[in-house]
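Please keep the sequence and the coordinates in view while following the text.

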Amino acid sequence: MRFQNDLPVQTAAGNRPMKRHHTARYYAHRVKESLTTRVSKLICAIFLALLFLVGIITFILWLSLRPHRPRFHVREFSIPGLGQANRFANAQIIFNVTSRNSNQNVGFYYDAIHMTVNFNEQSIGGETLALPFYQEPKNTTIFAGILGGYSLKLTANQWRQFTADMSRGVVIFSIELSSTIRFKISTWESKRHRIRATCPVGVGADGSILAIDKDKRCQVYFI
Ligand SMILES: *[C@@H]1O[C@H](CO)[C@@H](O)[C@H](O)[C@H]1NC(C)=O
Ligand SMILES: *[C@@H]1O[C@H](CO)[C@@H](O)[C@H](O)[C@H]1NC(C)=O
């Protein structure tokens, strides 16, 4: 600074060196100030970038851990001898229902799963499909069996109603599944949620499930 001021002192007007001196300090100040601004801008940018990164990671975690609800499908449902009056006493329902855990990282702890078959909003039978079990990710569990005897409580009146409905082409039933479920992510377990699945199924004149209802996905509710 001194060196800059030395020369003009001899030549220029009296107040010039003062001005030069002031200008130098002014620039030094400006440089210092812009340095501070740049540093604070940099810190701000780093902070925003970190925030953005954390947001992205959270979003990806949420996407990959977000539990998909269980999926139930009716694969088979038939009542052999439907419409034959003499088959009423030993009627049977053959069923096959599948439950899928489509998650990548989420396991399901089920308590017992109960199935009931309804006709005209009334239960005509049912049974416990499964005792408490753990369903690992990407697993499909098959529940197949036969309702008959004590697990099927058909009245003569209902059987006549089936025959009447059949003459119109279809008898509509509804399969209801109920259980409680806990979600497992790594070592964390959720609390119990009551879950219900409803699957309407139409049965044709041959006593078998209609093609449009086969493999149809059931509605799932948490209650
Ligand atoms: C039930 O349906 C599934 C899927 O269609 C099939 O793989 C399985 O063999 C069936 N089980 C029985 C006992 O019918
Ligand atoms: C799904 O889990 C059930 C019950 O743990 C098991 O019996 C079945 O073999 C599993 N299925 C597959 C495809 O891993």
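In this predicted model, the side chains of threonine 98 and arginine 75 form a polar contact at 3.0 Å. Threonine 98 belongs to strand E2, which spans residues 92–100. Is threonine 98 buried or exposed? Its relative accessible area is 7%, and threonine 98 therefore counts as buried, the limit being under 20%. Apart from residues within four places in sequence, threonine 98 is in contact with Arg71, Phe72, His73 and Arg75, and also with Thr140, Thr141 and Ile142.

Two of these partners, Arg75 and Ile142, lead on to the ligand. Ligand 1 is surrounded by Arg75, Asn96, Ile142 and Ala144. Sorted by class, this shell consists of 2 nonpolar, 1 polar and 1 charged residues. For asparagine 96, a polar side-chain atom is placed 2.4 Å from an oxygen atom of ligand 1. On its own, ligand 1 has 360 Å² of accessible area, of which the protein covers 38%.

The discussion now turns to the nonpolar interior. In soluble globular proteins, nonpolar side chains tend to be buried together. Here the largest nonpolar core comprises 42 residues, and the members that touch the most others are Phe77, Phe162, Phe173, Ile175 and Leu177. Strand E8, residues 171–185, contributes the largest share of this core, with 7 residues. Which residues are in contact with phenylalanine 162, leaving aside its neighbours within four places in sequence? They are Leu82, Phe119, Ile124, Leu154, Val171 and Phe173.

Notes
Residues numbered from 1 in each chain as written. Chains lettered and ligands numbered in written order. Predicted model: local features only at pLDDT ≥ 70, side-chain atom pairs only at ≥ 80, totals over all residues. Heavy atoms only, no water. Core = buried A, V, L, I, M, F, W, Y, C linked by side-chain atoms within 4.5 Å. Buried < 20%, exposed > 50% of the residue type's maximum accessible area, 1.4 Å probe, protein only. Helix = DSSP H or I, 4+ residues; strand = E, 2+ residues; numbered from the N terminus. Contact = heavy atoms within 4.5 Å. Polar contact = N/O pair within 3.5 Å; in protein donor to acceptor, adjacent residues only side chain to side chain. Near = heavy atom within 4 Å. Areas by Shrake-Rupley, 256 points an atom, 1.4 Å probe, with all protein chains shown as cover. Nonpolar A, V, L, I, M, F, W, Y, C, P; charged D, E, K, R; others polar.
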